[in-house]
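Me: I am new to this structure and would like a walk through it. Could you take my questions one at a time?

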Amino acid sequence: MNIIRYIIQKEFRQIFRNKAMLPIIFIMPMIQLIILSNAATFEVNNIKFGYIDNDKTSFSRELVEKFNASTYFNVLSDYPTAKSAKSAMLNGEVDVVLEIPQYFSRDLIKEKKSDLSLTINAIDGAAAGVENVYVSQIVQQFNSKIRVGLMLLGTPEAQPQLIETIPLFWYNETLNYKTFMVPGILVLLVTMITLFLSGMNVVREKEIGTLEQINVTPIKKHQFIIGKLFPFLILGLVLLTVGLIIAKLIFNIPMVGSILLMYGYTIIYILVILGIGLFISNYTDTQQQAMFIAWFFMVIFILMSGLFTPIESMPEWAQILTEFNPIKYFVQVMRMVMLKGAGISDIFPQVLKTLLYAIVMNGLAVWSYKKVN
Amino acid sequence: MGISVKNISKSYDKVMALKDISFEVKPGELFGLIGPDGAGKTTLFRILTTLLIADKGEATVAGYNVIKEYKSIRNHVGYMPGRFSLYQDLTVEENLNFFATIFGTTIQENYDLIKEIYVQIEPFKDRRAGKLSGGMKQKLALSCALIHKPKVLFLDEPTTGVDPVSRKEFWEMLKRLQKKGITILVSTPYMDEAALCDRIALIQNGNILEIDTPEVIKNSFPKTLFKVKAAETFKLIQDLGSYELTHSAYPFGEYIHFTSNNVDFNAKDLVQYLESNGHTDIEVNETAPTIEDTFMELSK
């Protein structure tokens, strides 16, 4: 016990003496949390909108006015011809071009139908999809208003069928993206710091040769490993704490669930990450190698965590792969507990899987750490 | 209770680092492993300190088998690797405390053993190990290797890269430790240090060439040795190389050490040969062989 305590003490001393690492450990994650949470939004705003009005009637002007009124669109200009609109899109001056055909209003009144042509710049596919939805919504609103107008003109068949859906967004009523991004980004920061530090730590002792010196001592494997990893567990929890405080104070994220449960789960989760870090450490000879391998896993874990793209929309094989992604569980748990107030029974599957993962990874790590080669 | 090595072999992929090595180190002996870089010294150290498992053969350290009783060995040996491998970002005292703790002891408990060495670095005990001078680092490393009162001490090239004064001091410290009953196995590429050991083993390319006391090894030199000097050293080596009576000729300080393959060799013949080749300022004198000469002879 004395030995473990001394190693922990030594690790903390080394962490706090490393003047270059301290800000990396504590300040950088906080800056990242603040910047990313404010910037990494999925909302599509300020869409550059252009139109070609071949009809030039009050109807067509009213339609354009609808876009003008929308907060999503910046109505830039009308183009005289489709050709000039095309070249404007090629130059990146406009993202969405709506072409209103000639006789738009006439057809609408006489034939009760008309077509609109819409061109969207789909270099960013995700944004293009969202833009399409926005445009459709506006056109639909316009449509229903026209129908009411036409009915008033006395056509009996045109019954107003106004079914309006009023969505209610549970657990995030204002659909504030920060509410679900902040817990996710916090998860990433805790993961990154603990994985990189633990992954590089044992390799560092290999590099400077102290590991060899330690290996000839009677120290037990478990003493060394616990002593090495415990400080990073503490570090991870400190990061979580600071992150939660920022989430509450700066972003005013609701914290509905039990804080205790969040910490309890985080401890199990960090054990998984530390196990992975130590495992990487055992199979590399330099900090550089360890860093690159840690990055490899980190990028896959992040992109397949469901934080940026929903797991449900991934191909089936990828969905199976995400079962082995610890970040996925942590993101789920953090969102469920923080936003929904989930209890232990709600997150039981995640807890069980993470615990199993922790046991397997640490078992592998201890097994692969050899004092003799 | 010392060290016993029997038929140890070890190869890395295709390179044989140690070839069927056997030797004994008596308890309380100061035993030197002398050989150039790449001779297999470090491999042997790693096997004896249980960091590496030999392909073949058996070895015991302080009476414990290196395979079966490796745990006991770790309690009873001190190891100072060739490279300085303490925590550079911890202070002198913290390093010493760290190693004392993982050996389950304290500085106070074994202070008498390290006292003579430690007092020299004690004024700097709050300095980070990375900021110490080479000689100081080495004293700290030795203190750390001694803190648990080992029965056997392994020192892998402890004086490489250390200034001559510190080297001399270091060997004096080893002599004192030996008097306290510690068996010491030390490796070095410096032949002059070999003379300070009780017995030495000359090792090259994974083979042991000779094991004996430095005195015996020096005297076992089979030929009459001459030191030769002339104005143009490079031409001298070339000419000696093509001389028909040459057995060996290699540079040794400012001289060339020369032996002849002729038992009745006369130095005057050599002077004559060199003069006929246009050398000036020729000096040819008989000289006493050193361990290095024996090593060169054995490794020929």
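Reply: The answers below go through the two chains, their contact and a few single residues. Please keep in mind that this is a predicted model.

Me: Let us begin with chain A. How many helices and strands does chain A have?
Reply: Chain A holds 14 helices and 4 strands.

Me: And what does the C-alpha trace of chain A span along its principal axes?
Reply: The trace of chain A covers about 95 × 45 × 40 Å. Its radius of gyration is 29 Å, whereas a compact globule of 373 residues would have one near 21 Å.

Me: Which domains is chain A divided into?
Reply: There are two entries: domain 1, made of 2–40 + 174–368, and domain 2, which runs over 47–152. The centres of domain 1 of chain A and domain 2 of chain A, taken over C-alpha atoms, are separated by 48 Å.

Me: What share of chain A is buried?
Reply: Of its 373 residues, 32% are buried. As for contacts in chain A between residues at least 6 apart in sequence, 79% join residues at least 24 apart.

Me: Where does UniProt place the feature "transmembrane region" in chain A?
Reply: The unreviewed UniProt entry puts it at residues 20–40, 180–203, 224–247, 259–280, 292–311 and 347–369 of chain A.

Me: How much helix is there in residues 20–40 and in residues 259–280 of chain A?
Reply: Residues 20–40 of chain A are 90% helix and 0% strand, with end C-alpha atoms 28 Å apart. Residues 259–280 of chain A are 100% helix and 0% strand, and there the end C-alpha atoms lie 31 Å apart.

Me: Now a single residue. Where is Phe49(A) found?
Reply: Phe49(A) sits in strand E1 of chain A, residues 47–53.

Me: Why does Phe49(A) count as buried?
Reply: Phe49(A) counts as buried because 23 other C-beta atoms lie within 10 Å. Beyond its neighbours within four places in sequence, Phe49(A) has contacts that include Phe67(A), Phe73(A), Val75(A) and Val96(A).

Me: On to chain B. How many helices and strands are in chain B?
Reply: Chain B has 11 helices and 14 strands. Its C-alpha atoms fill a box of roughly 70 × 45 × 35 Å along the principal axes, and 42% of its 300 residues count as buried.

Me: Which residues of chain B does the annotation "domain: ABC transporter" cover?
Reply: According to the unreviewed UniProt entry, that annotation covers residues 3–230 of chain B. The span is 33% helix and 29% strand, and its end C-alpha atoms lie 47 Å apart.

Me: Which residues touch the most other members of the largest nonpolar core?
Reply: That core has 135 residues, and those touching the most other members are Leu186(A), Leu189(A), Leu48(B), Val61(B), Phe154(B) and Ile184(B). Helix H7 of chain A, residues 177–208, supplies the largest share of this core, 17 residues. Another core, of 16 residues, lies apart from it and has Ile52(A), Val94(A), Leu98(A) and Phe104(A) among its members.

Me: What is Leu48(B) in contact with?
Reply: Leaving aside neighbours within four places in sequence, Leu48(B) is in contact with Ile3(B), Ala59(B), Val61(B), Val66(B) and Phe154(B).

Me: How many residues does the contact take from chain A and from chain B?
Reply: The contact takes 20 residues from chain A and 23 residues from chain B. On the chain A side, the elements giving two or more residues are helix H1 (2–17) and helix H8 (210–215). H1(A) gives the largest share of that side, 7 residues. The side of chain A that touches chain B comprises 7 nonpolar, 9 polar and 4 charged residues.

Me: One last topic: what is phi of Ala62(B), and what is phi of Asn205(B)?
Reply: Phi of Ala62(B) is near 55 degrees, a positive value in a residue other than glycine. Phi of Asn205(B) is near 45 degrees, again a positive value in a residue other than glycine.

Me: Why does Ala62(B) count as partly exposed?
Reply: Ala62(B) counts as partly exposed because it has 18 C-beta neighbours inside 10 Å. Asn205(B) is partly exposed too, with 16 other C-beta atoms within 10 Å.

Conventions: Residues numbered from 1 in each chain as written. Chains lettered and ligands numbered in written order. Predicted model: local features only at pLDDT ≥ 70, side-chain atom pairs only at ≥ 80, totals over all residues. Core = buried A, V, L, I, M, F, W, Y, C linked by C-beta atoms within 7 Å. Buried ≥ 20, exposed ≤ 12 C-beta atoms within 10 Å, placed from the backbone. Contact = placed C-beta atoms within 7 Å. Nonpolar A, V, L, I, M, F, W, Y, C, P; charged D, E, K, R; others polar. UniProt positions renumbered as here; feature names shortened; annotations may be inferred. Rg over C-alpha atoms; globule rule 2.2 N^0.38 Å. Domains from an automatic or database assignment.
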